[in-house]
Every structure is written in structure tokens, then in C-alpha cells.
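Hello,

Here is the structure I said I would pass on. Please open it first, then read the notes below it.

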Amino acid sequence: MEYTQAEILQTVRMTEMEHLDVRTVTLGLSLRDCVRATVEETAECVREKIERTAARLVPTVDEIGEELGLRVANKRISITPASLVFDRARSASELIPLARAIDEAAGRVGVDFIGGYSALVHKGDTPGTRAFVDSIPEALASTERLCSSLSVATTRAGINMDAVRRTGEIIKEMAERTRERGGLACAKFVCFANAVEDNPFMAGAFHGVGEPEAVINVGVSGPGVVNHAVRHAPRDAPLDEMAELIKRLSFKLARAGELVGREAARRLGIRFGIIDLSLAPTPTPGDSVGEILEALGFERAGAPGTTAALALLTDAVKKGGAMASSAVGGMSGAFIPVSEDAAMIEAARKGALTLEKLEAMTSVCSVGLDMVAVPGDTSAETIAAIIADEMAIGVMNNKTTAVRIIPAPGKTVGDVVEFGGLLGSAPVMPVNSFSSSVFIRRGGRIPAPIHSLRN
Amino acid sequence: MANEELIYRITRAVYGRLGAGADERTVEALVMDVYRAVEPALAGAAEEGPKGGAEGRADRLIVSVFGTDHPGIVAAVSQILAEARCSIIDINQTVVQGKFAMVIVADISRAGESVAALKDRFRGEGDRLGVRIYAQREDLFNAMHRI
């Protein structure tokens with residue numbers, strides 16, 4: 001036998017019992033050739049192109065998943081930032097037909113989310129992007145599958161604080177427009193520092209301007225696999241051994257993911273892009289980054305030392321993946337979305353995990369404050385200030401950071417907001433109640449850090 | 001001779017499951033069915049040399065079966081493969097403390113049905129036998145366990 005029984009058992013156990021899946025196969029699609037004189041013509045071209053290119057995406061990927069016995073949880077599409085496809089709008093309402101066309105096309109090809117209703121405003125805006133940013137709340141509230149993102153900071157450009165301030169306002173507006181659904185629109189919006197152009201994960205996926213016509217990107221998951229291994233390791237095993245264990249598993253996860261991606265690319269006749277190694281949790285018990293952290297030796301995620309443990313985890317995942325594939329890209333690290341991770345939800349409920357601790361943890365993981373619910377009466381300025389902190393961590397540390405925050409309408413600390421499905425349920429977390437409004441109202445730009453001068 | 005070795009292993013596995021009292025002619029017919037299905041694939045593998053196997057192949061399935069031991073498991077699984085015109089390339093089967101474990105490497109390049117259909121039949125048969133039957137393409141194992 002070419003493989004030992006132990007090897008076969010390990011793979012079967014991972015796929016059948018430890019929730020190993022490919023979290024997403026995301027088709028990145030350029031819409032730059034859809035620029036037309038009117039929004040109607042643009043929308044029609046966009047609709048046609050998405051439906052034509054992605055027609056076989058879902059059945060093909062499902063077929064591969066079935067053959068390999070490796071579930072592909074989600075099939076998604078990311079598009080050229082829509083603000084670049086139609087930059088002529090001067091009012092928000094002009095753009096809604098475009099948003100709906102994208103959403104409808106996504107529905108017709110059977111993907112669960114389509115990302116890229118996005119704008120890059122990290123150094124400033126145009127009249128077109130101003131109207132575009134204004135349109136995001138209605139676009140997300142009146143569509144089902146559409147996801148949106150804003151790039152508001154980069155290490156090279158600094159932080160556009162006018163955009164950060166405006167982001168706080170539109171997040172409040174989104175929450176209000178989807179009040180009866182717990183502020184659901186906010187769960188489909190994220191703002192970035194150092195946004196990644198080939199990220200396959202939602203809500204932040206978009207198809208960057210340097211990307212080719214079409215590309216298949218893959219997001220691998222596997223917190224369940226790592227969790228199982230860490231839990232079954234001796235409780236007194238030193239941390240370097242734990243890092244080694246995680247690294248070896250990450251290698252295997254990455255190889256499995258790359259196989260799916262390359263096969264999908266081959267069958268669809270679209271080039272293969274990247275594999276994103278992020279450990280992405282789901283609300284399923286066991287499939288949790290929080291549980292991995294706890295298995296490393298904490299009573300609850302968020303206890304002192306959690307940031308160090310997360311640093312070990314993220315780094316080991318990257319090292320294993322980088323050895324496995326030369327096409328590693330996207331975020332590649334660990335996601336810590338509170339509402340989508342059973343152990344994180346519990347830790348937040350118990351008070352072990354605070355917003356401030358999460359913020360610290362984001363300095364060593366792949367994204368940022370993700371799927372965090374805060375009281376509905378949190379002001380737009382406070383939300384903007386939370387974003388500013390997070391963007392500063394990204395800009396100063398030369399890494400991607402993001403904020404996906406939900407000021408849950410009518411809810412307060414101790415309540416829980418139910419989003420259902422993969423988005424899970426978010427415990428409303430307390431926010432520091434002291435005001436940041438004067439700082440936020442200053443606007444302007446936080447200059448790029450000295451280490452941006454690298455040439 | 002590798003072929004005799006394989007015939008011997010299939011026969012042993014079938015008797016192992018059906019018991020020593022099994023009808024000799026049925027066993028012989030079943031073993032020969034399985035063997036005939038396997039033979040062309042063996043020749044193909046010999047031509048390709050070691051490299052073909054070492055890279056993991058999309059036209060091979062690894063069928064793994066786990067559950068409580070009782071007679072008839074090997075026969076039922078190989079019957080499904082034979083009916084689908086899948087050759088068995090390798091079989092490894094053990095029973096430890098009443099727990100049955102079997103791994104079959106099958107060539108599906110001449111299969112008369114899709115992997116999805118085959119897996120459906122395995123699921124049905126697995127339910128009937130009270131065991132779990134998984135089928136996954138070989139290249140997944142190669143990707144995960146071989147550099």
C-alpha cells in the first residue's frame with residue numbers, strides 16, 4: 001500500500017470528523033471592460049459578464065469536492081472595485097441599479113456572496129467615489145449577497161481620517177437601515193488598512209486592479225484539525241513543539257487546498273491565483289480558533305497570554321503553508337471573528353474577551369476586529385475612533401487590518417444579536433464610554449509612517 | 001509473482017469475511033471478477049513505472065471502510081467496485097478488537113459511473129452493513145502526505 005493506514009486514517013478523520021473543508025473557492029473577475037456611459041449599460045454588461053464567466057463555477061467546484069471527499073463550503077466571486085467600474089455617479093441613488101445587478105447575477109450563478117462593492121480611498125476620493133461611499137448603506141440593505149469594503153489606510157499613504165470618519169457614519173446608517181435584522185448590513189461591510197487584492201474571504205474580497213482578467217483563489221480552513229491535534233498533545237509539551245505540530249498540519253491543509261484550487265482552475269479554464277491559509281472558524285463547536293487558543297493553555301480566550309499564543313499560531317500556520325505552496329497569498333494567518341467562533345462568543349459573554357484585548361490580538365493575526373457587535377447607541381465618532389486605532393495597528397506594522405463592526409440597533413451589553421448561518425451570533429460587547437469626537441472631527445490625514453520611505 | 005500474491009490476498013480477504021463455510025464456487029467467481037478487473041490496471045501501472053503511483057492520481061480512489069466487524073463487508077464493497085468496472089489495485093484489511101478497518105485503492109479510469117454515483121452506492125451499502133465507507137481521490141492523500 002502506497003500510504004500507511006495511519007495516513008489514510010488521518011485524512012479521513014480530518015475531512016469527516018474535524019470539519020476540514022475548503023472554506024471558499026472564489027472566482028476573481030475583472031470588470032474593467034464593463035465601463036459604459038450610463039449606469040444602466042454598465043449594470044447590464046456587469047450582469048452579463050458575471051453570469052457568463054461564473055456559469056459553471058458552483059457545479060464544477062461541488063463536483064471536485066465530491067470526488068476528493070473534501071467539502072468546499074462556499075463558492076464566491078470577487079469583482080473589480082465597483083467604484084472604478086462606474087465613477088461617473090454624482091449621487092448615491094444613481095449607483096443602486098449597479099449594486100442590484102451584481103447581486104442578481106450572483107444569485108443566478110448560485111454563489112452565496114459576491115465581494116467588491118468597494119472603493120479605494122486611502123489617500124483621498126473623487127466625486128465618483130464620494131457618491132459611491134454614500135451608496136453603500138442602501139446597496140447593502142437592499143441586496144442579499146453583495147459585500148462591500150473600503151480601503152481607508154495603507155502603510156504607504158497613511159490613514160485617510162476623513163474616510164475613517166465617514167465610515168463610522170455609514171456603519172451607523174447601515175445598522176439603522178437593517179434594524180429589524182440586527183444590523184445585518186454591517187456584517188457585509190469591512191474597512192481595511194493595507195487591503196489585500198487577492199483575498200478570497202468575505203466580506204473583504206475584491207479583485208484588485210493588478211489582477212488578471214479572471215483567477216481562482218482558494219481559502220483553506222481547518223481550525224477543527226488544529227484544535228484536535230493541540231488538544232491531544234501532552235499538556236506539558238513545550239510551545240516550540242506545539243508550533244511544530246501546527247506547522248506540520250498547516251502544510252497538509254495548504255496542500256489539500258491547492259489541489260482543489262488547481263483542479264477547479266483547470267476545469268474552468270481560468271488561471272489559478274493564490275491559496276489563502278487563514279484558519280477561519282465556523283460556529284460549529286470544535287471548529288474554532290478560540291478553542292485552539294484555549295487548548296494551548298488558557299481558561300478562556302482573552303486571558304493574559306492570548307496575544308502571545310495567537311502570535312505562535314499565526315506564524316506556525318504561515319510557515320507550514322509557505323513550505324507547502326509557492327502560491328500563498330491573501331490574508332494567510334488566523335481569523336478571529338467573534339460571532340462566528342463558539343469559543344470567542346463564550347469568552348466575550350463571560351467577560352474574558354474585551355474589545356481592547358481583541359484589538360491587541362489583531363496586531364498578530366491576519367485581520368482585525370471582525371464581527372464584533374457593540375451597543376446600538378455607540379456614536380459614529382466612537383466607531384470611527386475604533387476604526388482609526390485598528391488602521392493604525394495595520395499601517396504602523398505593515399500588515400492588513402480590518403474592522404467589521406455592528407452597532408446593533410436597540411441592543412445593549414449582555415444582549416446577543418443573531419445573524420444565523422456562517423455569520424453566527426454576536427454578544428454585544430462593552431465599549432469605552434469616553435468621547436473621541438474632537439479627535440475624529442479634526443479629519444485630515446495621519447501621515448504615512450517613516451518606514452513607508454523604503455526606496 | 002505479484003498476481004498470485006494478489007489473488008491469494010483477495011481470496012483470503014473474501015474468506016475472512018464470508019467465513020470458511022462460504023460456497024467455494026461463489027468465492028472463486030468473486031475473486032476472479034475482482035482479479036480480472038484489477039489485471040489491466042496492474043499492467044498499466046507496470047508500464048508507467050514508479051512515478052505514476054508516486055504522484056497520486058486523479059483516476060484512483062481510496063476507499064476506506066470502518067466499523068464493527070462482521071462477515072460480508074469485503075464482499076459487498078468489492079461487489080460494488082466490480083459492478084462499476086473499477087479495478088482493485090491494493091487492499092489492506094485488519095480487525096483489531098472487533099473493529100474492522102479496510103483500505104482499498106481502486107482504479108476508476110474505466111468506471112461506468114461517476115464518483116458521486118459510486119459514493120452514493122457506498123453510502124447505501126455502508127448503512128446496510130453498519131459501517132462507514134469513505135471514497136476519496138488518491139491525489140488528495142498524495143498532496144497531504146507526500147512531498
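Between chain B and chain A of this predicted model, 13 residue pairs are in polar contact, with both residues of each pair at pLDDT 80 or more. Seven elements of chain B are listed below because each gives two or more residues to the side that touches chain A:

- the helices α2 (24-54), α4 (115-129) and α5 (138-145)
- the strands β1 (60-68), β2 (87-96), β3 (99-107) and β4 (131-137)

The largest share of that side, eight residues, comes from α5(B). Sorted by class, the side of chain B that touches chain A has 18 nonpolar residues, eight polar ones and eight charged ones.

There are also five salt bridges between chain B and chain A. One of them joins the side chains of A:E263 and B:R137, with N to O at 3.4 Å.

As for the extent of the interface, 34 residues of chain B are in contact with 27 residues of chain A. The area buried between the two chains is about 2,700 Å², and carbon and sulfur atoms give 60% of it. Which three residues supply more of the area that chain B buries against chain A than any other three? They are B:R137, B:M144 and B:H145, which supply 26%.

The next item is a serine in chain A. A:S30 is found in the loop between β1 (22-29) and α2 (39-53) of chain A. Is A:S30 buried or exposed? Its relative accessibility is 4%, and buried means under 20%, so A:S30 counts as buried. The side chain of A:S30 reaches the backbone nitrogen of A:R32 at 3.2 Å. Leaving out residues up to four places away in sequence, A:S30 touches A:K49, A:T80, A:H207, A:P212 and A:E213.

Last, the aromatic rings. A search of the whole structure finds four aromatic pairs over all chains. One to look at is A:F201 with A:F335: the ring centres are 4.8 Å apart and the planes stand at 85°, so the pair is edge-to-face. A:F201 lies in the loop between β6 (189-193) and β7 (214-220) of chain A, and A:F335 in the loop between α11 (306-324) and α12 (342-350) of chain A, so the pair ties together parts that are 134 residues apart in sequence. Both residues are buried: A:F201 has a relative accessible area of 4%, and A:F335 has one of 8%.

Regards

Methods: Residues are numbered from 1 along each chain as its sequence is written. Chains are lettered from A and ligands numbered from 1 in the order in which they are written. This is a predicted model: local features need pLDDT of at least 70, side-chain atom pairs count only at pLDDT 80 or more; totals for chains, interfaces and linings use all residues. Side-chain values use heavy atoms; hydrogens and water are left out. Contact means heavy atoms within 4.5 Å. Buried area is the accessible area (1.4 Å probe) that two parts lose on being put together, summed over both. A salt bridge is a side-chain nitrogen of Lys or Arg within 4 Å of a carboxyl oxygen of Asp or Glu. A polar contact is a pair of N or O atoms within 3.5 Å; within protein, one must be able to donate a hydrogen and the other to accept it, and residues adjacent in sequence count only if both atoms are side-chain atoms. Helices (H or I, at least four residues) and strands (E, at least two) are DSSP runs, numbered from the N terminus. Ala, Val, Leu, Ile, Met, Phe, Trp, Tyr, Cys and Pro count as nonpolar, Asp, Glu, Lys and Arg as charged, and the others, Gly among them, as polar. Buried means under 20% relative accessible area, exposed over 50%, partly exposed in between (1.4 Å probe, protein chains only). Rings of Phe, Tyr and Trp (its six-membered ring) pair if their centres lie within 6.5 Å; planes under 30 degrees apart count as stacked, over 60 as edge-to-face and the rest as tilted.
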